[in-house]
Amino acid sequence: MKKTILSPLSILVCSGALVLSNSLQAAPFEVLHWWTEPGELQSKQVLVDHLKVNDIEFEDFAIVGGGGDGAIHVLQMRALSGTPPEAAQIKGPDINEWDKLSMLVSIDQLVDTQAWTNFLPEVVIDDVSVDQEYMGVPINIHRVNWLWLNSNIFKRFGLAAPKTWKQFFAVADFIQAKGVKPLSMGGTPWQDALLFESVAISVLGPENYIKAFVHFDNSVINSTEMVEAFKLFKRLHAYTSIAQQGQDWFWASQSFINDQAAMFFMGDWVKGSWTAAGKEALKDYQCVPAPGTEGVFSYNIDSFVLFKKVNTEIELANQKTFVNTLISPEFQIEFSKVKGSIPARQNVDLSGFDACSKQSAQDFDNKVKVPSFTQNMATSSHQQGQIIQLISDYFNSESLSAEEAVQQLSVMVKALTSK
Ligand code: BGC
């Protein structure tokens, strides 16, 4: 799954533009992340508290913007100027990209990771490893291919959860005719792409989804099935709320939970924002797999990497403590309960988790797992960013046809993967 494509950052670094700081970085421990919505802030507090108990003072390096686009850019600038934070929320193939710059601490060389294979699932191990070496610490697993149903609205109209796209469109038409907005939707490209991702998984099937979005196999990218996926995706536009451009997912999650829209496609980090507002799974909202994706689990694993900048024994000890805290079952359980995810560790006690997380844990074990390309799990973020923009442009354009969009995608992917 790891690709060998150099990002613009790698090129700058290879040409010697990067100078790592040798200066002493005294505590506190600076951590870059993009957890800025109410539910995310509460989960971040769990991290802060667990670190504090272990004598690490968390220094916030938070960049607003769900999906992390902004955060990654700021991190690149900080790294290029020689002042990376101690740790950063880096996921998926980006771990490999940063590792190529020789900037990351090997977790294997920092702490004893031998036992990790006993409690981490393979897909998680692969995600945070480069050449069989842990380069990141995994903390949780989010499911992305969820469709959320507003209980009040579904009950009011006596509607059943749609399992297929045909049922989805029937339900959406019915709700629309009643004067209620069927689908809540934010206004950033990654949110459009997240919706496309579920459509693509259902239309292409998990195998071809992986071929297209992990391996960039042009025979699937440039196929009639892909055109079909784009067309189906576009049909959804008519049911969405008109978000202002740039409006983040939190806005859409609120309009859904406040009964202004009946359905919402989003990863289960959204539950964190509802829990923070006192809403309950199965009572205020239902969780069902996106239509046509019942057999699939599209995963998004949150993880942290550490940057090489240690000069003192205390700093080294802090790094070790950071890793040991994040991998501990106590932290992972408490964190995921608030975040809406499930712990990255397996065989932990999920009794205090909500019904949607329990469902997620069961499905993670039993369904076909695919990496979420909109959540940096399938490709590095510079490749993903281009693809997401194209998908979003198509979704919001009145003139671009599905055939043209697929053609553009095919050309783009060739350019992104050529040496
Ligand atoms: C992260 C989640 C986060 C979400 C929205 C995802 O990319 O993995 O942890 O809650 O973005 O900000």
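1. Let me start with Q42. Leaving aside neighbours within four places in sequence, Q42 is in contact with A276 and V338, where contact means heavy atoms within 4.5 Å. Q42 sits in helix α2, and helices here are DSSP runs of H or I with at least four residues, strands being runs of E with at least two, both numbered from the N terminus. With a relative accessible area of 43%, Q42 is partly exposed; buried means under 20% relative accessible area, exposed over 50%, and partly exposed in between, using a 1.4 Å probe and protein chains only. Q42 and F335 are 293 residues apart in sequence, yet 8.8 Å apart in space, C-alpha to C-alpha.

2. A word on the basis of these notes. This is a predicted model, in which local features need pLDDT of at least 70 and side-chain atom pairs count only at pLDDT 80 or more, while totals for chains, interfaces and linings use all residues. Residues are numbered from 1 along each chain as its sequence is written, and side-chain values use heavy atoms, with hydrogens and water left out.

3. Now the domains. The protein chain is assigned domain 1 (8–140 + 302–356) and domain 2 (146–298 + 373–416), with bounds that come from an automatic or database domain assignment. Taken over C-alpha atoms, the centres of domain 1 and domain 2 are separated by 28 Å. The contact between them takes 24 residues from domain 1 and 24 residues from domain 2.

4. Where does the largest cavity lie? Domain 1 and domain 2 both give residues to its lining, so the largest cavity lies between them. Its volume is about 110 Å³, and the structure holds five cavities of 30 Å³ or more. For the terms: on a 1 Å grid over the protein atoms alone, a cavity is a set of points where a 1.4 Å probe fits but cannot get out, and lining residues have an atom within 4 Å of a point. Grid points are joined across faces, edges and corners, and a volume is the space filled by probe spheres set on the points.

5. The lining deserves a look on screen. The largest cavity is lined by 15 residues, and W34, E40, W269, N300 and Q375 lie nearest its centre. The lining divides into five nonpolar, six polar and four charged residues. In this count Ala, Val, Leu, Ile, Met, Phe, Trp, Tyr, Cys and Pro are nonpolar, Asp, Glu, Lys and Arg are charged, and the others, Gly among them, are polar.

6. Back to helix α2, which spans residues 38–53 and also holds H50. Is H50 buried or exposed? H50 is buried, because its relative accessible area is 16%. Not counting residues up to four places away in sequence, H50 touches T325, E330, F331 and E334.

7. Strand β6 (residues 137–143) is mostly covered, with seven of its seven residues buried. Six bridges join β6 to strand β11 (residues 296–306), and the two run antiparallel; two strands pair if DSSP finds at least two bridges between them. Within that pairing, V137 stands opposite F304. Strand β12 (residues 342–343) is joined to β6 by two bridges, again antiparallel, and there I141 stands opposite I342.

8. Two backbone angles may be worth checking. Most residues other than glycine have a negative phi. D55, although not a glycine, has a positive phi of about 65°; D55 is in the loop between α2 and β2 (58–62) and counts as exposed at 68% relative accessibility. F216 is also not a glycine and has a positive phi of about 50°. F216 lies in the loop between α10 (189–213) and α11 (218–221) and counts as buried at 9% relative accessibility.

9. S106 lies in the loop between α4 (93–100) and α5 (107–110). At 10% relative accessibility, S106 counts as buried. Beyond residues up to four places away in sequence, S106 touches E133, Y134 and M135.

10. Finally, Q408 is found in helix α19 (residues 402–417) and counts as partly exposed at 38% relative accessibility. Q408 touches L390 and L400, again not counting residues up to four places away in sequence. Q408 and V348 are 60 residues apart in sequence and 45 Å apart in space, C-alpha to C-alpha.

Note on methods: On a 1 Å grid over the protein atoms alone, a cavity is a set of points where a 1.4 Å probe fits but cannot get out, and a pocket is an open set with protein on both sides within 12 Å along at least five of seven lines; lining residues have an atom within 4 Å of a point.
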